[in-house]
Amino acid sequence: MKQRLLFLGPPGAGKGTQAERLCAAHELMHLSTGDLLRAEVGAKTSLGQEAAAVMNRGELVSDELVLAIVENQLKNQSGGWLLDGFPRTLIQATALEPLLEELKQPIEAVVLLELNDAVLIERLISRGRSDDNESVIRNRLEVYREKTAPLIDHYRQQGLLQTVEAHGSIESIAISIEKSLC
Ligand code: B4P
């Protein structure tokens with residue numbers, strides 16, 4: 001199976017859920033920028049305080065801040081990895097490329113999890129995190145369309161994109177993801 005992966009998709013598509021399973025099964029490092037940011041928020045660091053306000057509005061945290069976090073994690077990694085929720089903007093994607101070149105660790109596949117808005121909203125409302133109320137969710141979906149969706153064509157042009165329908169049981173989606181990575 002491919003060893004250096006990236007998960008792309010709207011908020012609530014199940015990136016975190018599927019990334020956790022796949023990484024446990026194949027011993028990949030799970031690098032979730034959302035989880036890393038929430039850890040900073042929980043630890044009440046100055047970085048966390050800055051990030052909390054942005055996340056609770058459904059906006060994206062600054063590219064500089066997220067890039068610094070990712071660079072730090074990847075530099076200490078020698079095995080396979082899965083980037084979950086990063087990159088989220090073309091600026092982040094463009095900055096990632098020279099870093100991976102320097103580390104001689106090119107991306108092998110990008111998995112796009114696709115799901116319609118009605119199911120996304122329903123899933124996020126029942127998840128119930130502090131940034132999961134309906135008006136914030138709608139803002140996150142708009143931010144996704146404007147800033148993150150352009151990455152779909154970016155990775156399609158590089159021949160890396162695999163699209164997986166993220167509707168159905170967690171197990172059946174996990175099987176489709178595994179198939180797309182063989
Ligand atoms: P993330 O932590 O990445 O979370 P997400 O996109 O909202 O959710 P995900 O797709 O992982 O869905 P999940 O598995 O939880 O981002 C949060 C915030 O962090 C962003 O809004 C932004 O502010 C900031 N951020 C993160 N990365 C950034 C970056 N690179 N740049 C700037 N800012 C950044 O699934 C959702 C729910 O559905 C769960 O409750 C799950 O149990 C359920 N579920 C999953 N699969 C299911 C299924 N098949 N059936 C039914 N329910 C399912």
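Reader: Which residues is Ile 177 in contact with, leaving aside its neighbours within four places in sequence?

Author: They are Phe 7, Gln 18, Leu 22, Val 111, Leu 113 and Val 164. Contact means heavy atoms within 4.5 Å. This is a predicted model, where local features need pLDDT of at least 70, side-chain atom pairs count only at pLDDT 80 or more, and totals for chains, interfaces and linings use all residues. Residues are numbered from 1 along each chain as its sequence is written, and side-chain values use heavy atoms, with hydrogens and water left out.

Reader: Why is Ile 177 called buried?

Author: Its relative accessible area is 1%. Buried means under 20%, exposed over 50%, and partly exposed in between (1.4 Å probe, protein chains only). Ile 177 is therefore buried. Its place is in helix H9. Helices (H or I, at least four residues) and strands (E, at least two) are DSSP runs, numbered from the N terminus. Leu 160 is 17 residues from Ile 177 in sequence, and their C-alpha atoms are 14 Å apart.

Reader: What makes Ala 149 partly exposed?

Author: A relative accessible area of 22%. Ala 149 sits in the loop between H7 and H8. From its C-alpha to that of Glu 134, 15 residues away along the chain, the separation is 21 Å.

Reader: How do you know that Lys 44 is exposed?

Author: Lys 44 has a relative accessible area of 64%. That is over 50%, so Lys 44 counts as exposed. The residue belongs to the loop between helix H2 (33–42) and helix H3 (46–56). Its phi is positive, about 55°, although Lys 44 is not a glycine.

Reader: Why does Lys 104 count as exposed?

Author: Its relative accessibility is 70%. The cut-off is passed, so the label holds. Lys 104 is in the loop between H5 and strand E4 (109–114).

Reader: How do you know that the span of H5 is close to the one expected?

Author: The expected span is 1.5 Å times one less than the number of residues. H5 has 13 residues, for which 18 Å is expected. From first C-alpha to last, H5 reaches 19 Å. The two values are close.

Reader: Which residues of H5 are buried, and what covers them?

Author: The buried ones are Gln 92, Ala 93, Leu 96, Leu 99 and Leu 100. Their cover includes helix H4 (63–75), E3 and helix H8 (150–157).

Reader: Which residues of H3 are buried?

Author: Gly 48, Ala 51, Ala 52, Val 54 and Met 55. H2 is among what covers them. After H3 comes Gly 58, with a positive phi near 85°.

Reader: What makes the largest pocket a pocket?

Author: On a 1 Å grid over the protein atoms alone, a pocket is an open set of points with protein on both sides within 12 Å along at least five of seven lines; a cavity is a set where a 1.4 Å probe fits but cannot get out. The largest pocket has a volume of about 910 Å³. Lining residues have an atom within 4 Å of a point. Elements giving two or more residues to the lining include strand E1 (4–8), helix H1 (15–26) and helix H6 (117–127). The volume is the space filled by probe spheres set on the points, and the points are joined across faces, edges and corners.

Reader: How does the chain, with 182 residues, compare with a compact globule?

Author: The rule is 2.2 Å times the number of residues to the power 0.38, and the radius of gyration is taken over C-alpha atoms. The rule gives a value near 16 Å; the chain has 16 Å, so the two agree. Buried residues make up 47% of the chain. There are 9 helices and 5 strands.
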